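Me: I would like to go through this structure by question and answer. Please end each answer on the value or name asked for.

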Amino acid sequence: MLALNKVHHIAIICSDYEKSKHFYTRILGLIIIQEIYRKERDSYKLDLALNGEYAIELFSFPSPPQRPSQPESCGLRHLAFEVDDIEKTSRFLFEKNVPAEAIRVDEYTKKRFFFIADPDELPIEFYER
């Protein structure tokens, strides 16, 4: 059996690097580990950490194709973050002018959650601990 330890990182390609960098660092609060410009690809790579753990690689590429549909397209469905206070998280995002869906309850776990979208419409879920 394959012995996986953990998810190492999640890679996201964005259409507007500065807008997405602002969203993931200034709104969601991820910390920049390093930022690299790869001239041969005309591409930025931004390594981000969550609570001291390497979590997300944010990439820019010239003219990336759009996501086919929301949110049920093949491939990555959404990114989810665990939070302690779902209502406080929703209020914070509202204050930052980030539109959010209404808080719902997972019918199986009875935990509350809601979705937002990043600047490229990638669905992001916040799920209570």
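Me: Which residues lie nearest the centre of the largest pocket?
Reply: The model is predicted. In it, 29 residues line the largest pocket. Those nearest its centre are L50, N51, F81, E82 and V83.

Me: Which element gives the most to the lining of the largest pocket?
Reply: The elements that contribute two or more residues to this lining are strand 3 (43–50), strand 4 (53–60), strand 5 (79–83) and helix 2 (86–95). With five residues, the one that gives the most is strand 5.

Me: How many residues in the lining of the largest pocket are nonpolar?
Reply: The pocket has a volume of about 660 Å³. By class, its lining has five polar and six charged residues. The nonpolar residues in the lining number 18.

Me: Is K21 buried or exposed?
Reply: K21 is in helix 1, residues 17–27. Its relative accessible area is 18%. A residue counts as buried under 20%, so K21 is buried.

Me: Which side chain does K21 join in a polar contact of 3.0 Å?
Reply: Leaving out residues up to four places away in sequence, K21 touches R26, I32, E35, L46 and L58. The polar contact of 3.0 Å runs between the side chains of K21 and E35. The partner is therefore, for the buried K21, the side chain of E35.

Me: Where in the chain is K6, the salt-bridge partner of E53?
Reply: The structure has nine salt bridges. In one of them, the side chains of E53 and K6 meet at 3.3 Å, N to O. The pair links distant parts of the chain, 47 residues apart, with E53 in strand 4. K6 is in the segment before strand 1 (10–14).

Me: Which of the terms buried, partly exposed or exposed applies to E53?
Reply: K6 has a relative accessibility of 58% and counts as exposed. For E53 the value is 45%.

Me: Are D84 and R129 buried or exposed?
Reply: The relative accessibility of D84 is 60%, and that of R129 is 57%. Exposed means over 50%. D84 therefore counts as exposed, and R129 likewise counts as exposed.

Me: Is E128 buried or exposed?
Reply: E128 forms a salt bridge with R112, the closest N and O atoms being 3.2 Å apart. R112 lies in strand 7 (residues 112–117) and E128 in strand 8, so the pair ties together parts 16 residues apart in sequence. R112, at 25% relative accessibility, counts as partly exposed. E128, at 15%, counts as buried.

Me: How far apart in space are E18 and L76, C-alpha to C-alpha?
Reply: E18 is in helix 1 and is exposed, with a relative accessible area of 51%. In sequence, E18 and L76 are 58 residues apart. In space, their C-alpha to C-alpha distance is 22 Å.

Definitions and conventions
Residues are numbered from 1 along each chain as its sequence is written. This is a predicted model: local features need pLDDT of at least 70, side-chain atom pairs count only at pLDDT 80 or more; totals for chains, interfaces and linings use all residues. Side-chain values use heavy atoms; hydrogens and water are left out. On a 1 Å grid over the protein atoms alone, a cavity is a set of points where a 1.4 Å probe fits but cannot get out, and a pocket is an open set with protein on both sides within 12 Å along at least five of seven lines; lining residues have an atom within 4 Å of a point. Grid points are joined across faces, edges and corners, and a volume is the space filled by probe spheres set on the points. Helices (H or I, at least four residues) and strands (E, at least two) are DSSP runs, numbered from the N terminus. Ala, Val, Leu, Ile, Met, Phe, Trp, Tyr, Cys and Pro count as nonpolar, Asp, Glu, Lys and Arg as charged, and the others, Gly among them, as polar. Buried means under 20% relative accessible area, exposed over 50%, partly exposed in between (1.4 Å probe, protein chains only). A polar contact is a pair of N or O atoms within 3.5 Å; within protein, one must be able to donate a hydrogen and the other to accept it, and residues adjacent in sequence count only if both atoms are side-chain atoms. Contact means heavy atoms within 4.5 Å. A salt bridge is a side-chain nitrogen of Lys or Arg within 4 Å of a carboxyl oxygen of Asp or Glu.
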